[in-house]
Amino acid sequence: MASSDELASFIASSFPSVWALELLLLLKEQARPCSPEELVDLMRASPSVIESALESLVAAGLAGFDDKRTAYMPVTPGVARLVEETERLYR
């Protein structure tokens with residue numbers, strides 16, 4: 001389990017908005033690559049909000065692109081554990 005400081009730092013550096021966190025949790029739940037159009041529909045958000053959130057998630061090593069689709073892809077098992085802890089805290 002991460003320390004509260006480590007988890008706080010992870011959250012602050014990985015999620016520039018609640019949209020980004022919600023999008024990551026949706027990608028994790030879907031467990032498959034999703035197109036930007038699907039994500040717009042599922043999140044009921046604008047394309048620019050989804051694009052911005054996806055860029056931040058990819059840069060943080062939390063998601064990756066497969067052709068033109070995006071999927072939950074934490075860069076390491078440690079990052080995946082931090083995502084799990086973040087999800088528990090958020091829920």
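This is a predicted model: local features need pLDDT of at least 70, side-chain atom pairs count only at pLDDT 80 or more; totals for chains, interfaces and linings use all residues.
The protein chain contains 5 helices and 2 strands, and reading along the sequence gives the pattern α-α-α-α-β-β-α. The radius of gyration is 12 Å, close to the 12 Å that the globule rule gives for 91 residues, so the chain is as compact as a globular protein of that length. Along the principal axes, the C-alpha atoms fill a box of roughly 35 × 20 × 20 Å.

How much of the chain is tucked away, and what does the outside look like? Of the 91 residues, 41% count as buried. The chain exposes about 5,400 Å², and carbon and sulfur atoms supply 55% of that area. As for charge, there are 8 positive and 14 negative side chains, with the centres of the two sets lying 5 Å apart.

Next comes the inside. In soluble globular proteins, nonpolar side chains tend to be buried together. In this model, the largest nonpolar core has 26 residues, and Leu23, Leu27 and Leu57 are the ones with the most contacts inside it. Helix H1 (4-14), helix H2 (18-30), helix H3 (36-43), helix H4 (47-59) and helix H5 (77-90) each put at least two residues into this core. The largest share, 7 residues, comes from H2.

Setting aside neighbours within four places in sequence, leucine 23 is in contact with Leu39, Met43, Ile50, Ala53, Leu54 and Leu57. Leucine 26 lies in helix H2. Its relative accessible area is 13%, and buried means under 20%, so leucine 26 counts as buried. Not counting residues up to four places away in sequence, leucine 26 touches Leu39, Leu42 and Met43. Leu39 and Met43 therefore turn up on the contact lists of both leucine 23 and leucine 26. Isoleucine 50 is on the list for leucine 23; between the C-alpha atoms of leucine 26 and isoleucine 50, which are 24 residues apart along the chain, the separation is 12 Å.

Leaving out neighbours within four places in sequence, serine 35 is in contact with Lys68 and Arg69. Alanine 31 is also placed in the loop between H2 and H3, but at 67% relative accessibility alanine 31 counts as exposed. Alanine 31 has a positive phi of about 55° although it is not a glycine.

Aspartate 67 is found in the loop between strand E1 (63-66) and strand E2 (69-72). Its relative accessibility is 70%, and the cut-off for exposed is over 50%, so aspartate 67 counts as exposed.

Note on methods
Residues are numbered from 1 along each chain as its sequence is written. Side-chain values use heavy atoms; hydrogens and water are left out. Helices (H or I, at least four residues) and strands (E, at least two) are DSSP runs, numbered from the N terminus. The radius of gyration is taken over C-alpha atoms; the globule rule is 2.2 Å times the number of residues to the power 0.38. Buried means under 20% relative accessible area, exposed over 50%, partly exposed in between (1.4 Å probe, protein chains only). Accessible areas come from the Shrake-Rupley method with a 1.4 Å probe; for residues, only the protein chains shown count as cover. Lys and Arg count as positive and Asp and Glu as negative; His and the chain ends are not counted. The place of a charge is taken as NZ of Lys, CZ of Arg, CG of Asp or CD of Glu. A nonpolar core is a set of buried Ala, Val, Leu, Ile, Met, Phe, Trp, Tyr and Cys residues joined through side-chain atoms within 4.5 Å. Contact means heavy atoms within 4.5 Å.
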